[in-house]
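Could you walk me through this structure, stop by stop? I have it open in my viewer and would like to know what to select next and what is there.

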Amino acid sequence: MNAERLLAHFERISEAPNETARLRRFILDLAVRGKLVEQDPDEAPSAHNLDELRKQKDLAYSVEGLRARKPITAIRPTELWFNFPHSWMLCSFDDALVIVSGVTKGQRISSGETSVDVPYLRVANVQRGWLDLSEVKLIAVRASDVDRYRLANQDILMTEGGDWDKLGRAAIWRGEITCCIHQNHIFRLRIPSDSILPEWVVLYANSDCGRRFFEDSSKQTTNLASINLTQLRSCPIPLPPLAEQHRIVAKVDELMALCDQLEAARQQREQCRERLVAATLQRLNQPAEDPASFRKDASFALQVLPSLTTTPAQIKQLRQTILNLAVRGKLVEQDPEDEPAEELLAWIAADRKLLSSAKSRNQSASIHRLPIEANPYSLPCNWAWVRFGDIMYSRDGERVPVSKDERSRLAKNYDYYGASGVIDKIDGYLFDKPLLLIGEDGANLLNRSTPIAFIARGQYWVNNHAHVLDGISEEFLRFMELSINATDLSPYVTGTAQPKMNQAKMNSIPIALPPLAEQHRIVAKVDTLLALCDQLEQQLSQADQQRRRLLEAVLAEALLEPEKTLEAVYA
């Protein structure tokens, strides 16, 4: 029995944000298999045999005035899919528990009968292992039915089903509300024997072993599952000696409390990291006017952020901050020897005029600087504010959409681009040079789950869901790529159900244009820093994978006791 290995690695495993819930379930699984605490050879086997349990159960039915049900077929150990200690006894829910359904909502009460309003529990109130009593409603029932459905301290409540997560949830009623009943989508399980703890029954029902029975036995439709009274009565349950039940329940409580503490500590660490990262990124996004002070802040931030960044969301924020700094002239130093942006604008105007003439188009070659009052923020002295459409050359007219059905019949030789990148292959190509593509429509315009602007290279085809832009050089297109990806596009997007950024809106986007030499330095710096972000993402992924492998090895060893050791996880 290797549950000790689980406990030895408990804190490290629970550090993974998505693994604590699974760890909790596995603790229950170990418990119901008899692998969480040692068996005491001096303890007698379960105190009652099946006949004694059934007698106590039948007596309880009689005392409560309930109709005795026909016994179900006896449970055989071979029907159970896991082994348990020889000192335990196997029985069914029907052998040991008094099980009744609840009151039906909307039942008709005749005028001659007295009705009363009483609190009642719904499926939403019964969670897995606990009761949510934040909202308990009232129901009108016959006064004569109140005692029949009234909950007693230590009753077990179990949900009939509904959505998959609602199937067979079990919790203990501890008399939290006076004179409370339950509706018919909840079963009440009452224990007449003093040799069974309600905590043990709930622990078993909520474990993967119990849940497997409910899932296998339930009536299932799309996304829904439910169990009826007959199926519930036939649920097998192993019973340890009473003293061992107490030890198991106490150990489970101890480990669940430890899970709570570790989870709270992990969340506190994450919140602290979140605050530090947010404060650091805010300082970078709202930089000091003094260049020296800002470079000091940026240097510190880029040193500490890798150690603070522990989630993909934080890395996404870091990427966006890098782009924001780049287009504000804060990422690299300016060189007074660089030709100013005015020289670049003259080159772009001449190039656009040549391109327009070659294609017999009347695309304007003039470039208008933004008026000072329209500048979104201040720039270095040798930069210029312009409109995106004034410095780019549109090739949208050359796009050709091809339907999915038609593409399915074509050879897969060339990339076929859509709004967010390559979506298929096709047998021909429209473009044979690097061009800037910008998504024209789709939710990605607003949620930015992937970059909205990207460079397409080689020979490829583009459909009508991506704008196609040409420019003076591939290096220039690279800077335009990061400029668009740094920009909040929501002011230029129309529609919410079907977001779209048409050409006129895109052309109106203000662009901060640095000298060409500085563009090259900025792009190189951005590439370096985004590569660091890639490394951080890879490290996070590797750490998560290692924790999962450790968890898998610990869980398998605790249950199956394989020959492999945990050291293999790190090989």
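Before the first stop, one definition: a residue counts as buried when its relative accessible area is under 20%, and as exposed when that area is over 50%. Keep in mind, too, that this is a predicted model.

**Stop 1: helix H4**

Select residues 50-63, which form helix H4. Its 14 residues reach 20 Å from the first C-alpha to the last, close to the 20 Å expected at 1.5 Å a residue. Now color Leu53, Lys57, Ala60 and Tyr61, the buried residues of H4. They sit on the same side of the helix, because they cover an arc of only 100 degrees around the axis. In an α-helix there are 3.6 residues a turn, so residues three or four places apart point the same way.

What covers these buried residues of H4? Show strand E1 (89-92), helix H5 (93-96), strand E2 (98-100) and strand E12 (236-239), which are included in that cover. Then turn the view around: the face of H4 turned away from its buried side carries Lys55, Leu59, Ser62 and Val63, which are exposed.

**Stop 2: where H3 meets H8**

Next, select helix H3 (residues 20-32) together with helix H8 (residues 208-217). How far apart are the axes of H3 and H8 where they pack? The axes are 8 Å apart, and the packing angle is about 90 degrees. H3 is therefore roughly perpendicular to H8. Show side chains for Arg25, Asp29 and Val32 on H3, and for Asp208, Cys209 and Arg211 on H8; these residues make the contact. Sorted by class, the contact of H3 with H8 has four charged, two nonpolar and no polar residues.

**Stop 3: two positive phi angles**

Most residues other than glycine have a negative phi. With that in mind, go to Cys179, in the loop between strand E7 (170-172) and strand E8 (181-182). Although Cys179 is not a glycine, its phi is positive, at about 50 degrees. Its relative accessibility is 23%, so Cys179 counts as partly exposed.

Finish at Arg448, which lies in the loop between helix H16 (444-447) and strand E18 (453-456). Arg448 is not a glycine either, yet has a positive phi of about 50 degrees. Is Arg448 buried or exposed? With a relative accessible area of 17%, Arg448 is buried.

Methods:
Residues numbered from 1 in each chain as written. Predicted model: local features only at pLDDT ≥ 70, side-chain atom pairs only at ≥ 80, totals over all residues. Heavy atoms only, no water. Helix = DSSP H or I, 4+ residues; strand = E, 2+ residues; numbered from the N terminus. Buried < 20%, exposed > 50% of the residue type's maximum accessible area, 1.4 Å probe, protein only. Expected span 1.5 Å × (residues − 1). Arc of directions from axis to C-beta. Contact = heavy atoms within 4.5 Å. Axes fitted to C-alpha atoms, helices over the stretch in contact; angles between N-to-C directions. Parallel < 35°, antiparallel > 145°, perpendicular 65-115°, else oblique. Nonpolar A, V, L, I, M, F, W, Y, C, P; charged D, E, K, R; others polar.
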